[in-house]
Amino acid sequence: MKTILLAVLFTFTALMVEAQLDLKYQMPDDDILSLADAPMPPGIRMNSNGDKAILVYRKSYKSIDELSEEELRLAGLRINPKTNISSRARYYYDIKYYDVKTKKESSIEGIPEGAKITNISWSPDENKIAFTNTVKEGVELWYIDYAAKKAHKLMGPKLNANMGSVCRWMKNSNEMLVKMLPESRPSLVNTALSVPSGPTVSINEAGQKAQNRTYQDLLKNPADEQNFEVLAHSELHMVTLEGESKVWKESGMYSSISVSPDGSQIMIQEISRPFSYLVTYGRFPTSYDIYGMDGQLIKNMVKVPLIEEMPKGFMSTRTGMRGLQWRADRPATLVWAEALDGGDPAIEVEFRDALYELESPFDGEKRLLVKSKLRYNGIEWGNDNLAVLYDYWWNDRTLRISFFDPSDASKEPVLFSERNYQDRYSDPGNFVSSKNKYDRYTLDIVNDDQLYLIGAGYSKEGKLPFVDRYDISENKTKRLYRAKSGEKLESISRMIDSKKGIILTRLESKSDYPNFYFRNINTGDLRPATEFENPFKAIQDVHKEVIKYKREDGLELSATLYLPVGYDKTKKEKMPMIMWAYPREFKDKSSASQVTSSSNEFTYPYYGSPIYWVNRGYVVLDDAAFPIIGEGDDQPNDEFISQLVGNAKAGIDAVDALGYIDRNKVAVGGHSYGAFMTANLLTHSNLFAAGIARSGAYNRTLTPFGFQSEERNYWEAPDVYYNMSPFMHCDKMKTPLLLIHGEADNNSGTYPMQSERYFNALKGLGAPVRLVMLPKESHGYAARESIMHMLWEQDQWLEKHVKNRVMTP
């Protein structure tokens, strides 16, 4: 075994000598492969009452062949121009009927062979299920008759799913409004072969400030504009379940369809020119228009112009109508927000936003509903006299929840809760909703005076979800149910029947796959709804615990500790360790110290997880707390590096004190901002033997108008940007670093160039570094070939630089 290992290490070392390698996709060790290739149980989709369900089956990975299909990247969209659906869509390959009472599944007649299913939706009456199936020629429309267990094809490969949601059920549950390819459609421009007629020129002669994030997949030239316009155009067809189709609206760039609660009118969002090379399509000019069921225009509500410039700050917003939506408890009433501060968070005002409504036929004056002290963040509708208003402020992490009377704006809203939304222990939960006569979810008001809340239940004792009843007139909350601490972790999904006290909940343990149950909180009855098996039995007995420890400044931290498979705790053998983490910013120490992990959470080695390595003889410290705190006027990033190193040292010290690890053989890794963390830790500390950084950003001057939770721009805080950028300190980095990046990364800020330039700088200064660019992959990886190779790369790196590290004097 030792000879084989040395041969592998020698081969890997020899490969690394070359500048570039012609390396084929590799497979990881069987101990990793057996977990990575484990077949996953299906997902479940239930109706609102929990008495009907389907099982949906999906492969764990796509293939590199699928990712290699033609793709156009335009205005924030990634489109397969042959099939006219997102080129990154994840498909289900089968749907099965599921009897919730007997827990038996059965096939649905007519589901196509080799199906590529998405856009699954229940009809309003919950007797039918629509879905799309992507074939070589395009996207088809299907529906399932639930009672008959039979699938029917309604439309051939003529749908246009390029802009997302492609069909919308009508209230009668017998028709759908569907986006279809136009009858007459111009050809796409082949940008690789087209001859430019001139340069691309962008201007800002009026001196506007457009401080936007570094979006990717933007339009770049007139050819891109033309292709986006062609791909975005759809005709709207009304399609019946008998397969009859008629044009409902001529071709346009329709981004969204919304039907009024009573089914009498439809709101259409339509995009228009001019386009932008700075922002994605969501900020292109958009018209909000109301149509009757006959397709005739009733009223244009607003034409939102191109939005490239907005005031600075995360709490900035545009002026005019925004968030236009149907009021869920009225037949056909529109509601929206308008900024009272000009959309500028720097302007001090008593109220930030006002909420208005306008009833059909929309020819009257708008009516004020309520004003919000902070930035409007949503409404839950109840009835004519009760609704819930949410408003928040990012800068101090404040979230307010208030009751208000929609019929009388002169009444002062009643504050229900005001808290730091990062304070999970004080979360009062979410109000329970149920379907009303319009088949819309509204507040579940019982006995005209009572509401129910379901909470995640994070606390010092652990995650113990709860159900509360709130008496409105008495302003009192009574706890009806709280999960008990034990070997099972509970997560309440939703209320099934508030009067009977029946909830749909999920139970799991470190070795029991999550399954759903119906729990009666009044009687204690617990009835299983699913019986999914654990696909990862090879690690079901691995030791797992949440450990708590303190940073040098006294801040309490936590992490989930895994010991290697078969590890004998009595012998305390010193093992190598992998620490995996993701930094998070906080405005107070109390919230930063809260524990939200549980040792009873199911051990699930998803594709990017470090848990695979418990099967390779490593201790794993996963989800290690890495809070970055800035209280009061101080910003978290003002002391980013010192807090980052302090978090890492505290975690290593804690596990070392337990006697499990050789602290000279510790690796650190992370994805995205976790990769940024990793590079900084290797640069500014000597705590680690090696690092793994996936899809990160390393030079913050390339994201000059903010990143992550940093809203200051580079010119306001140049020292912060410089000090936080590992690229600026490449001369200090001497620890082996494995860089992995998807060459088609579309995440804001993490351009593939970030890893390429960082690698070049490190190599130029003699640092031990390896760069792996995964073809066709985005910010998260999807193809089985890519993921298996990634796991192989990580395993080889850890074996060489951590487990078999040779210490020099």
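Lys550 is placed in strand S39, residues 544-550. Strands (E, at least two residues) and helices (H or I, at least four) are DSSP runs, numbered from the N terminus. The model is predicted: local features need pLDDT of at least 70, side-chain atom pairs count only at pLDDT 80 or more, and totals for chains, interfaces and linings use all residues. Residues are numbered from 1 along each chain as its sequence is written, and side-chain values use heavy atoms, with hydrogens and water left out.

Lys550 is exposed, with a relative accessible area of 55%. Exposed means over 50% relative accessible area, buried means under 20%, and partly exposed lies in between (1.4 Å probe, protein chains only). Neighbours within four places in sequence aside, Lys550 is in contact with Leu555, Glu556 and Ala650. Contact here means heavy atoms within 4.5 Å. Lys179 is 371 residues from Lys550 in sequence, and the two are 56 Å apart in space, C-alpha to C-alpha.

Strand S14 (residues 234-240) is mostly covered, with 7 of its 7 residues buried. In a regular strand, side chains alternate between the two faces of the sheet. Both faces of S14 are covered. Ser234, Leu236, Met238 and Thr240 are buried on one side, and Glu235, His237 and Val239 on the other. Two strands pair if DSSP finds at least two bridges between them. Strand S13 (residues 175-180) runs antiparallel to S14, joined by 6 bridges. Here Met180 has Glu235 of S14 as its bridge partner. S14 is also joined to strand S15 (residues 245-259) by 5 bridges, again antiparallel. Val239 stands opposite Ser245 of S15. The hairpin of S14 and S15 has 4 residues between the strands, and Gly243 takes a positive phi near 90° there.

An open sheet has 3 strands in the order S3-S4-S5, with antiparallel pairing. Its edge strands are S3 (72-74) and S5 (85-86), each pairing on one side only. S3 pairs with strand S4 (residues 77-80) over 3 bridges. Leu74 stands opposite Leu77 in S4. Helix H4 (residues 222-232) packs on this sheet and touches S3 and S4. The direction of H4 makes about 100° with that of S3. Axes are lines fitted to C-alpha atoms, for helices over the stretch in contact, and angles run from 0 to 180 degrees between N-to-C directions.

The whole structure holds 35 aromatic pairs. Rings of Phe, Tyr and Trp (its six-membered ring) pair if their centres lie within 6.5 Å; planes under 30 degrees apart count as stacked, over 60 as edge-to-face and the rest as tilted. Tyr513 and Phe532 form an edge-to-face pair, 6.3 Å centre to centre with 85° between the planes. Tyr513 lies in the loop between strand S36 (502-508) and strand S37 (515-520), and Phe532 in the loop between strand S38 (526-528) and S39, so the pair ties together parts 19 residues apart in sequence. Tyr513 is buried at 16% relative accessibility, and Phe532 is buried at 14%. Phe536 and Tyr604 form a tilted pair, 5.8 Å centre to centre with 40° between the planes. Phe536 is buried, at 2%, whereas Tyr604 is partly exposed, at 38%. One aromatic cluster includes Tyr513, Phe532, Phe536 and Tyr604.
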